[in-house]
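Here is a guided look at one protein chain, written to be read with the structure open beside you. Take your time and click along as you go.

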Amino acid sequence: MKLTYTTEQQNFRMEVRQWLAENVPAEKLPTYDTKAGFELHRQWERKLHKAGFSMVMWPKEYGGRGCNLIDWLIFEEEYYGAGAPGRVNQNGQLLLGSTLLEFGTEQQKSHFLPRMASSEDMWAQAWSEPNAGSDMANISSKAIRNGDHYIVNGQKTWSTRATYADWAFGLFRSEAGSQRHHGLSFLMVPLDAQGVTIRPIKALDGEDAFAEIFFDNVKVPVEHRIGEEGKGWHVAMATAGFERGLLLRSPARFQQPVRKLVQLYRDNKAAADRDPAIGAAVAKCWADAEAYALSAYNTVGRISHGDKIGAESSLNKVFWSELDLLIHQTAMDILGTCGELLSSAPLAEEHGYWLNGFLFSQAGPIYAGANEIQRNIVAERMLGLPR
């Protein structure tokens, strides 16, 4: 694989780097799991969109820049390197947007994608239910066809961003008597529709990162269905592939904290004296982050030649979620008791960054499909082992 950039790619990198240097807020924005922080992040997304950097790999007619995935990887490297704000609308832009590009009608793409790119519409996931978490095929929320609408009833839980979002997307059982993967339809539902009730769920850090969504005879137009009626499982698996594979967690998402980790280790020589295994862990984090980056470039090269990721996305998901755990656990080992200070504590200084990341990383092996399930997929579909 030729690991060099074209002149055009180098120029694009410099353009992105300069814009970010001039526009990234000097003060870190408050978390987007608060109402004020959510709106400030929405404003940042609008600024990105106006500059042409919101969704660089989307076609221009849908609010993108018309770049390829190599350009996107370059953008991500610069974005994380600049310490820019988190992408609050990634449920829509990276997951649903990619799904619409593959399965959506022209009307759906021309209406929803530009509004998604500009963050005029903010999106939440509506997958899990009380009895359908990693076993998503056990979904029971219903969408019964009634002329040109579906009547939706049921409950979704652990819905990321739903507390403040405008729309949600998810699977609903649209064929009476159907079971498991059959008879499901993929719907987009406005969260301000009559009959929708949202109840926030607090995350480990105490913020409203998730929500329960209750649907009580909610009318959803048929044109808000993606793909064929009853064939939503196929669409949802493509969305899950985007989430587990390349798009949700680009390599830069891990390379940047690893650089911080290396510096943290160098600044805390006492940690090396206390436990030599810490140095080995730091080295492993760096090597794994670089390996993931090289693997991503290899994957993008294959995709550009028409290949599909498939079950390999499950392997990616296990790898990046466990890498995230190792990065932040190693940082906590270096910091010792100082690492347990909340970011609001006077003595925490910059170390609160690591505690926040450590708490979030605990969810990595669970969201986007539990790692135990992903290992089964790898074993059966990639290695050919028996069920």
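The report below goes through helix pairs, nonpolar cores and a few individual residues.

## What kind of model this is

Please keep in mind that this is a predicted model. Residue numbers start from 1 and follow the sequence as it is written.

## The nonpolar cores

Let's begin with the interior. In general, nonpolar side chains of soluble globular proteins tend to be buried together. Here, the largest nonpolar core has 50 residues. Trp 44, Leu 96, Leu 171, Phe 186 and Met 188 are the ones with the most contacts inside it. Which helix gives the most to this core? Helix H3, covering residues 69-81, does, with six residues.

Setting aside neighbours within four places in sequence, Leu 171 is in contact with Ala 126, Trp 127, Met 136, Ile 139, Lys 156, Leu 184, Ser 185, Phe 186, Gly 232, Trp 233 and Ala 236.

## H1 against H3

Two packed helices are described by the angle between their axes and the distance between the axes. For helix H1 (residues 7-23) and H3, the axes come within 9 Å and cross at roughly 35 degrees. This crossing of H1 and H3 is right-handed.

On the H1 side, the residues that meet H3 are Gln 9, Phe 12, Arg 13, Val 16, Arg 17 and Leu 20. Their partners in H3 are Ile 70, Asp 71, Ile 74, Phe 75, Glu 77, Glu 78 and Tyr 79. Sorted by class, the contact of H1 with H3 has seven nonpolar, one polar and five charged residues.

## H4 against H5

Next come helix H4 (residues 90-103) and H5, whose axes come within 10 Å and cross at roughly 165 degrees. H4 and H5 are therefore roughly antiparallel to each other, the cut-off for that description being an angle over 145 degrees. The crossing of H4 and H5 is left-handed.

H4 brings Gly 92, Gln 93, Leu 96, Gly 97, Leu 100 and Leu 101 to the contact, and H5 brings Gln 108, Lys 109, Phe 112, Leu 113, Met 116 and Ala 117. The contact of H4 with H5 has seven nonpolar, four polar and one charged residues. You have already met Leu 96, as one of the residues with the most contacts inside the largest nonpolar core.

## H10 against H11

Eight nonpolar, four polar and one charged residue make up the contact of H10 with H11.

Val 258 sits in helix H7 (residues 252-267). Is Val 258 buried or exposed? Val 258 counts as buried because its relative accessibility is 2%, and buried means under 20%. Not counting residues up to four places away in sequence, Val 258 touches Cys 285, Trp 286, Ala 289 and Ile 327. Val 258 and Ala 331 are 73 residues apart in sequence, yet 9.5 Å apart in space, C-alpha to C-alpha.

Ala 238, in helix H6 (residues 232-244), also counts as buried, at 18% relative accessibility. The C-alpha atoms of Ala 238 and Ser 98 are separated by 8.8 Å, while the two residues lie 140 residues apart along the chain.

## Three loop residues

Ser 118 belongs to the loop between helix H5 (106-117) and strand E1 (123-126). With a relative accessibility of 14%, Ser 118 counts as buried. Beyond residues up to four places away in sequence, Ser 118 touches Arg 46 and His 49.

Most residues other than glycine have a negative phi. Trp 158, in the loop between strand E3 (149-156) and strand E4 (167-173), has a positive phi of about 55 degrees although it is not a glycine. Arg 161 lies in the loop between E3 and E4, and its phi is near 70 degrees, a positive value. Arg 161 counts as buried, at 8% relative accessibility.

Technical notes
Predicted model: local features only at pLDDT ≥ 70, side-chain atom pairs only at ≥ 80, totals over all residues. Heavy atoms only, no water. Nonpolar A, V, L, I, M, F, W, Y, C, P; charged D, E, K, R; others polar. Core = buried A, V, L, I, M, F, W, Y, C linked by side-chain atoms within 4.5 Å. Buried < 20%, exposed > 50% of the residue type's maximum accessible area, 1.4 Å probe, protein only. Helix = DSSP H or I, 4+ residues; strand = E, 2+ residues; numbered from the N terminus. Contact = heavy atoms within 4.5 Å. Axes fitted to C-alpha atoms, helices over the stretch in contact; angles between N-to-C directions. Left-handed = near helix turned anticlockwise from the far one by under 90°. Parallel < 35°, antiparallel > 145°, perpendicular 65-115°, else oblique.
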